[in-house]
Amino acid sequence: MSNVVIIGGGAAGCFCAAELSRLHPDWSVSIFEAAPVLMAKLAVTGGGRCNITNTFEGVDSLAAVYPRGERLMKRLLHSFGPEDCLRWFGDRGVRFVVQDDGCVFPESQDAMQIVRTLERELRHGGVKVYCRRKVVSVDAELTVRYTDAAGEGSVKPDALIVTTGGGTSRILSDCGMELVPELPSLFTFKIDDSGLRGLMGTVVENVTLGLAGTRFRSSGTLLLTDWGVSGPATLKLSSYAARWLAENQYRATLLVNWLDGSEEEAMRLLGDRLSDGRLIANSHPSELTDRLWRVLVERAGIRPDARWSELGRKGLARLVSILTADTYEIIGRARFKEEFVTCGGVALSEVNPTTLESRSIPGLYLAGEVLDIDAITGGFNLQAAWSTAHTIAHSI
Ligand SMILES: Cc1cc2nc3c(=O)[nH]c(=O)nc-3n(C[C@H](O)[C@H](O)[C@H](O)COP(=O)(O)OP(=O)(O)OC[C@H]3O[C@@H](n4cnc5c(N)ncnc54)[C@H](O)[C@@H]3O)c2cc1C
């Protein structure tokens, strides 16, 4: 092996090139990058702070964080997991902080520190970087056709590593591999309810969300926005149900359990108040804000001037039903700031899980989001980029 080409100079491509050139200083390693600079996306990850990985503490099942690619990630995290990632960057001078939710960021709070660290490694390793070189196609003979400032060109390296990120697997359509249709994953929901949208900015710490008629459920913090719902619970649900929601044109009934508890628990919580002479609208459970409570009371068909002592068993049942099984119509998807991830890409059955080499085309390797792996937010997507890239650098 002497000549390796990596297509895509993002997180996975640059990490793979850095590690490969360290392990094999005598090889020629080149990166072909379509954009004017390397790692443009990495530079803006985590709102410019780069949520580089996650401690995975409290993650009971990998399927809950990797809706697609869970089994492969389980294997790869053994060989290159979050501690290995932090050690790799730590050995190169990066210090980290860990948030309560397990998200890890560089202490500098600056994604550019990660970019510069990788750039330095590429320079040390003598990696040849060709920016503004867009690969148009790859075939089963490993012929890479590209365009750049000089026009059209082609090369045929000894090994080819494709790390072009989400939504790009079509460059492999001449390779005869199974490509899973690519769709957005992390997004927020537009909701058809002016009452809820009027609560823009309200945060509810612990809700359970679901999609009616499915088993998709998520829990966590909910944020009400001027277009509908956002926050971690929504993003998680969008990731779990990405494919189903696309098939249903992003229309569905959203189930909201505002108290993240059972009907019985809600009954117990509120049942004690039935002899209370206070206004219902004025005494809300501590989990809910005053404004949200008033909207929910109205949704339960209860007069704003009604007192607890007037509510009765039927009224209580209506209120409990709204609190634990509220429903809203999703009328579309909205982007989560500028951040989204793609599900789909090269089917995982196409690669050897130990080496990430194509099963049908020897010498072709795939890493990062171009594979059908994607995660919820929290540093898990970048960890997938590091783990897959590291695997290839060590198996090639
Ligand atoms: C705004 C934003 C913030 C994010 N924040 C986080 C975060 O904090 N933590 C986290 O874990 N994940 C985050 N993600 C997700 C994470 O960035 C991606 O999962 C990760 O970058 C994927 O790495 P990759 O190397 O596979 O792809 P990319 O980083 O997308 O790199 C692919 C590269 O290939 C190049 N390319 C594409 N096609 C071609 C072609 N035909 N020829 C040549 N080059 C090509 C692209 O220009 C790009 O540079 C964020 C995503 C976004 C959009």
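Strand β12 (residues 187-191) is joined to strand β15 (residues 228-230) by 2 bridges, and the two strands run antiparallel. The structure that contains this pair is a predicted model. The protein has 11 helices and 19 strands, and its C-alpha atoms fill a box of roughly 85 × 40 × 35 Å along the principal axes.

**The barrel**

- A barrel is closed by 6 strands, in the order β12-β15-β14-β13-β16-β17, and the pairing is antiparallel.
- From one strand to the next, the twist averages 50°.
- Helix α6 packs on this sheet and touches β12, β13 (203-211), β14 (217-224) and β15.
- The direction of α6 makes about 135° with that of β14.
- As a general point, strands of a sheet pair through backbone hydrogen bonds, in either a parallel or an antiparallel manner.

- Pro-184 stands opposite Thr-342 in β18.
- Strand β18 (residues 342-346) is mostly covered, since 5 of its 5 residues are buried.

- Is Ser-239 buried or exposed? Ser-239 has 27 C-beta neighbours inside 10 Å, and the cut-off for a buried residue is 20 or more, so Ser-239 counts as buried.
- Ser-239 is placed in helix α6, which covers residues 232-240.
- When neighbours within four places in sequence are left aside, Ser-239 is in contact with Pro-67, Ser-185, Leu-186 and Ile-376.
- Ser-239 and Arg-68 are 171 residues apart along the chain, while their C-alpha atoms are separated by 9.2 Å.

**Helices α2 and α11**

- Helix α2 (residues 70-79) packs with α11 at an angle of about 70°, and the two axes are 9 Å apart.
- Because of this angle, α2 is roughly perpendicular to α11.
- On the side of α2, the contact is made by Met-73, Leu-76, Leu-77 and Ser-79.
- On the side of α11, the contact is made by Ala-384, Ser-387, Thr-388 and Thr-391.
- By class, this contact of α2 with α11 has 4 nonpolar, 4 polar and no charged residues.

**The shell around the ligand**

- Which residues come nearest to the ligand? Of the 36 residues around the ligand, these are Gly-8, Gly-10, Gly-46, Gly-165 and Gly-368.
- The elements that give two or more residues to this shell are α1 (11-23), β7 (134-138) and α11 (380-395).
- Helix α11 gives the most to the shell around the ligand, with 4 residues.
- Sorted by class, the shell around the ligand has 16 nonpolar, 14 polar and 6 charged residues.

**The protein as a whole**

- Of the 396 residues in the protein, 43% are buried.
- Among contacts between residues at least 6 apart in sequence, 76% join residues at least 24 apart.

Key:
Residues are numbered from 1 along each chain as its sequence is written. This is a predicted model: local features need pLDDT of at least 70, side-chain atom pairs count only at pLDDT 80 or more; totals for chains, interfaces and linings use all residues. A residue is near a molecule or strand if its C-beta atom, placed from the backbone, lies within 6 Å of it. Ala, Val, Leu, Ile, Met, Phe, Trp, Tyr, Cys and Pro count as nonpolar, Asp, Glu, Lys and Arg as charged, and the others, Gly among them, as polar. A residue is buried if 20 or more other C-beta atoms lie within 10 Å of its own, exposed if 12 or fewer, and partly exposed in between; C-beta atoms are placed from the backbone. Two residues are in contact if their C-beta atoms, placed from the backbone, lie within 7 Å. Axes are lines fitted to C-alpha atoms, for helices over the stretch in contact, and angles run from 0 to 180 degrees between N-to-C directions. Angles under 35 degrees count as roughly parallel, over 145 as roughly antiparallel, 65 to 115 as roughly perpendicular and the rest as oblique. Two strands pair if DSSP finds at least two bridges between them.
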